[in-house]
Structure formats: C-alpha cells, structure tokens
Amino acid sequence: MAGKDCRIYVGNLPPDIRTRDIEDLFYKYGKITFIDLKNRRGPPFAFVEFEDPRDAEDSVKARDGYNYDGYTLRVEFPRGSGNMSRGGGFRGRPSYDGRGGGRGGPPSRRTQYRVLVSGLPNSGSWQDLKDHMREAGDVCYADVFKDGTGVVEFLRKEDMKYAVRKLDDTKFRSHEGDVAYIRVKEDNPKGSRSRSNSPKRSRGSPRYSPMRGRERSYSPYN
C-alpha cells in the first residue's frame, strides 16, 4: 500500500463531480491506485492516491488553484493520518488539518481567527464540523462539545469573516445523517482588538448558496 505522501486531498469540487471526472483531472500525472470521493453529505471532496509520491507532488503543484467548471480547486497533501482500505475508502472520517486524534486530540496549529458554532446535533464530530467549515477556507483547528457547541479556527482572517457571513444559519449534516441549522459567530479572543463587548455578537446572513463565481486562490499548507 502506498504511503501517506502518495495521497492528496482535492477540495472545492462542483456538486455534480464524479469519480471518473477526478480520474480525468489527475491521470496524466502518474498511476492512480485509489480515488475516494466524498459527495453524499455537504460540499464534495476527494482523496486521490498515487503509486509514486513524486506523482502526487506533481499533481499538487499543477492542480492547486486550477479552475474546473467555475470552481477553483484546492489540491494539497492531507494532514494527520487516515487509514485507507481499498474496499471502502477511509475508515470513519479522515484526520487532517488540525486535530488528528478525535476528541481530545492535540491541535497542530492555532490562530486567533476563531468562530463559535452552536446548534450542532449530538452526533456531530469535529471532523464533520471541519468538513462543513472548509467551504469558507483553510481550517487549522476544530473542536466540538457535548452541549452542541463548537469552535473553528482559520488560517486567514478573511476566511473567518466569510464563514460568519455565509455559513451562519446553514444546514449541517453529521456523519450519522443528523441534520441541524447551525449558528456561526465571530469569537473575540483575549488580547485582540476590540470588535464587540460580547464574544457572541450575532451576525445574520442568508442561507448557504454554492460558491460558483467566488474567485479565490488557495495554496497548500506549508
């Protein structure tokens, strides 16, 4: 089985994407051994595994930021670990970008660009929350709590702002299929410039709409 350096993450895909479409995007960079497309819940994303890690690196360099059917692709090496089986893709949910060990796992990176999330269903995990919030940009940390609240931190301030504007009052679906409309508010970390006297200042927004037409370039994590 290929190592983790042979596997890449592909995000910001159009909703009607198919496994064959992903194969067409990456076949010319080397032999593909497995494609795991996640398109049943929330915004679709995929993991592509190559036989040679050099082919994976070439595909990241070539396809990150590529415009596909009006969507700017995000192609990068996944963070953390995820055990892949040929029959069923990842076992459970993949661990990448932030918390790598489930509830209580240590963060790999923290920032002050944090949002507070409320209204999560009981079965909602930090991986589910991270998948949902990736629509706004690069998520570096996520956590959920037993009372149905959670926190998410972004690498960039503009991604945090976008999450508050566009992902507040959107439909969230857990890996067990439970659905709820969540609220997303900007946090006010200690020591930051004053935005509001209350860290739970409400900022309403329209319900979620597809990102077609939103142009933004993404680059792989360092």
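Author: Once its neighbours within four places in sequence are set aside, Val179 is in contact with Lys171, Phe172 and Arg173, where contact means heavy atoms within 4.5 Å. The model is a predicted one, in which local features need pLDDT of at least 70 and side-chain atom pairs count only at pLDDT 80 or more, while totals for chains, interfaces and linings use all residues. Residues are numbered from 1 along each chain as its sequence is written, and side-chain values use heavy atoms, with hydrogens and water left out.

Val179 belongs to strand β13; strands (E, at least two residues) and helices (H or I, at least four) are DSSP runs numbered from the N terminus. With a relative accessible area of 40%, Val179 is partly exposed, a class that lies between buried, under 20%, and exposed, over 50%, for a 1.4 Å probe and protein chains only. Its C-alpha atom is separated by 9.9 Å from that of Asn122, a residue 57 places away along the chain.

Five strands in the order β10-β11-β9-β13-β12 form an open sheet with antiparallel pairing, two strands being paired if DSSP finds at least two bridges between them. Its edges are β10 (139-144) and β12 (170-173), each of which pairs on one side only. Neighbouring strands are turned by 30° against each other on average, direction ignored; axes here are lines fitted to C-alpha atoms, for helices over the stretch in contact, and angles run from 0 to 180 degrees between N-to-C directions.

Within this sheet, β13 (residues 179-186) pairs with β9 (residues 114-118) in the antiparallel sense over four bridges, and Val117 stands opposite Val184 of β13. Two helices pack on the sheet. Helix α3 touches β9, β10, β11 (150-154), β12 and β13, and its direction makes about 135° with that of β10. Helix α4 (residues 157-166) touches β9, β11, β12 and β13, with a direction at about 130° to that of β13. As for α3 (residues 126-133), eight of its eight residues are buried, so that this helix is mostly covered; among them are Trp126, Leu129 and Met133, but also Asp128, Lys130 and Asp131.

Strand β11 is largely enclosed by the rest of the structure, because five of its five residues are buried. In a regular strand the side chains alternate between the two faces of the sheet. Here Gly150, Val152 and Phe154 point one way from β11, whereas Val151 and Glu153 point the other way, and all are buried. On one partner, four bridges join β11 to β9 in an antiparallel arrangement, with Leu116 opposite Val151. With β10, β11 pairs in the antiparallel sense over five bridges, and there Asp143 stands opposite Val151. The hairpin of β10 and β11 has five residues between the strands, and in it Gly148 takes a positive phi near 85°.

Charged side chains connect several of these elements. A salt bridge is counted where a side-chain nitrogen of Lys or Arg lies within 4 Å of a carboxyl oxygen of Asp or Glu, and 17 are found in the whole structure. In one of them Arg156 meets Asp138, with the closest N and O atoms 2.7 Å apart. Since Arg156 lies in the loop between β11 and α4 and Asp138 in the loop between α3 and β10, the pair ties together parts that are 18 residues apart in sequence. Arg156 counts as partly exposed at 23% relative accessibility, whereas Asp138, at 1%, counts as buried. The side chain of Arg156 also forms a salt bridge with that of Asp159 (3.2 Å, N to O), and Asp159 is buried, with a relative accessible area of 0%. Salt bridges link Arg156, Asp138 and Asp159 in a network that also includes Arg74, Glu76, Arg134 and Glu158.

Lys161 is partly exposed at 22% relative accessibility, while Glu186 is buried, with a relative accessible area of 5%.
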